[in-house]
Amino acid sequence: MRHTLDTRVSPYAYVAPFFLLFAAFGLFPLAYTAWVSLHEWTLLEEEQTFVGLRNYGTLLADGYFWNATFNTLSIGILSTAPQLVLAIWLAHLLNRRLRFQTLFRISLLVPNVTSVVAVVVIFSQLFGRDFGMINWVLSWFGAGRIDWAAGTATSHLALSVMIMWRWTGYNALIFLAAMQAVPRELYEAATLDGAGNLRQLVRITVPMIRPTIIFVVIVSTIGAMQIIAEPLLFGSGTTGGGTMVTGGPDRQFQTLALYVYEHAFTKFDFGYASAASWVMFLFVVIAAGVNFLVSRRVKGGVI
Amino acid sequence: MRLRYLTLTAVAFFSAFPLYYSVVVASRHNSALAQVPPPLLPGGNFFANVARVFDTVPFGLALLNSVIVAGSISVAVMFFSTLAGFAFSKLRFRGRNAMLVITVATMMVPAQLGIIPLYMLMIKLEWTGTNYALIVPALVNAFGVFFMTQYLSRALPTELLEAGRVDGCTTWGLFWHVVLPAARPAAAVLGMLTFMSAWNDYFWPLVVLTPDNPTVQVALSSLASGYVNDYVLGLAGTAVGTLPLVLIFALFGKQIIGGIMQGAVKG
């Protein structure tokens, strides 16, 4: 009797910690956000008044919200699309017998081990207007001093470089893991047929690792929609004077997550910020869904 | 073939250069930054700059907090993930497959969007400003459970467990005497991955901690967002705050990369 009780109950007890923790600190807060968003709810006031969808109305009429939406999409696309192509290509380069294989792999992962704070501090210096190394290098080609943080396009570019620097190598290793499972004979046969390197990548590798590509695209999309630390720190590092929750003086690089942060943790307007969170959630689902459909159609065979 | 090495070397260079250059700047005096061309070799000012970091923010406390937080999270994640991985890979129970699918699916949930109620919850529990707010929500995660499930289903022979049963082991006894020892290599990799991501975590600690009791990343961000743009100070702090991870990575990089690639194959 004791024995059956043990074998019946203990499996549930062993997986319970994860589910309890996720319910308490993952699922519950996410669902509760919807409830909070229907209220006039601030940190300081005891009373919360039910206001229905009013917060959503205010949100959708706020130009800064749409500005943040545009910035999120712009930075998201700029950082993710070239990154994934580059990552697949790098994985392809690593996917054969090489000397220094481990050394190359380690060097690819080093940026990912660097914290986001460190990355932005380092790159804010590199992207500095007056004494930054990047402007110095560009000046060899006759470019003038670029104030990277000041413009919309330039700040998005700078932020995308930081994000790419941190994540390309990591994703390359994920792709490499998938590529190693592709049967060698396919490549040997293609070589006999006279297919070149690039053709093999497009015709064999990409179709064979499609599930991994879809997975990475979805995860990267969800991550890109929530970018916050980079613009938050870039704003404070380049403009001086406290943390810049607005993403630059003209909000030129304020992302959606940063918009939520501004309202939740500097204005402590929880109700309004929750409405923004919830709309963001909708955007994440839409973006992930669209990219799922797009990446599922990747078949290769363009060349 | 030569092009391949050339490309990979260039990529390795671009991966390493920003870190190298941050050490160069961190070891210089502020005036050196205004030089054209910029300095390319380290100077002799590193320790003086690091001392300034400790004078500006409570960096010793930050290091201590980060070690406590990242250390406890890693141990807990290793333990609970092995426990759940054991159940998912080797025990039979109703709803097992569905629960495993749900576990993997939760990795896609954008949990950051629930941060406002999470913060309110921390206020209710009176955990704001304390390490509890960082440790408790992170005690186990879906990636760890999935990672250990994968490993144990591949590496732990079922016969070993059956032999243990015959010897009269309870399920808990099996876990303690058979599973835990067998799980050690993968759990160690999981522990290092967890330590690194907990050490580098920034956004949640920023929200829930105060500048007078920070983790390393929170302290670094207050260094970087000072009223004067003191890059040397910021980068000296960055160098010290990144050092522990570089050390772990230099020693166990190969295993860590193996772990990431293994976790990815079936992801």
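**The core and its helices**

Mentor: Happy to! The largest nonpolar core has 165 residues, and F175(A) and A276(A) have the most contacts inside it. Such a core is a set of buried Ala, Val, Leu, Ile, Met, Phe, Trp, Tyr and Cys residues joined through C-beta atoms within 7 Å. A residue is buried if 20 or more other C-beta atoms lie within 10 Å of its own, exposed if 12 or fewer, and partly exposed in between, with C-beta atoms placed from the backbone. This is a predicted model, where local features need pLDDT of at least 70 and side-chain atom pairs count only at pLDDT 80 or more, while totals for chains, interfaces and linings use all residues. Residues are numbered from 1 along each chain as its sequence is written, and chains are lettered from A and ligands numbered from 1 in the order in which they are written.

Trainee: Which helix gives the largest share of this core?

Mentor: Helices (H or I, at least four residues) and strands (E, at least two) are DSSP runs, numbered from the N terminus. The largest share of the core is 16 residues, and these come from helix 7 (residues 152-179) of chain A.

Trainee: How many residues of helix 7 of chain A are buried?

Mentor: This helix is largely enclosed by the rest of the structure, because the buried residues number 23 of the 28. Helix 5 (residues 116-126) of chain A is also largely enclosed, with eleven of the eleven residues buried. For helix 7 of chain A, then, the count is 23.

**Where the chains meet**

Trainee: How many residues of chain B are in contact with chain A?

Mentor: Two residues are in contact if their C-beta atoms, placed from the backbone, lie within 7 Å. On the chain A side there are 73 residues, and on the chain B side there are 76.

Trainee: And which helix of chain B gives the largest share of the side that touches chain A?

Mentor: The largest share is 15 residues, from helix 12 (residues 231-265) of chain B.
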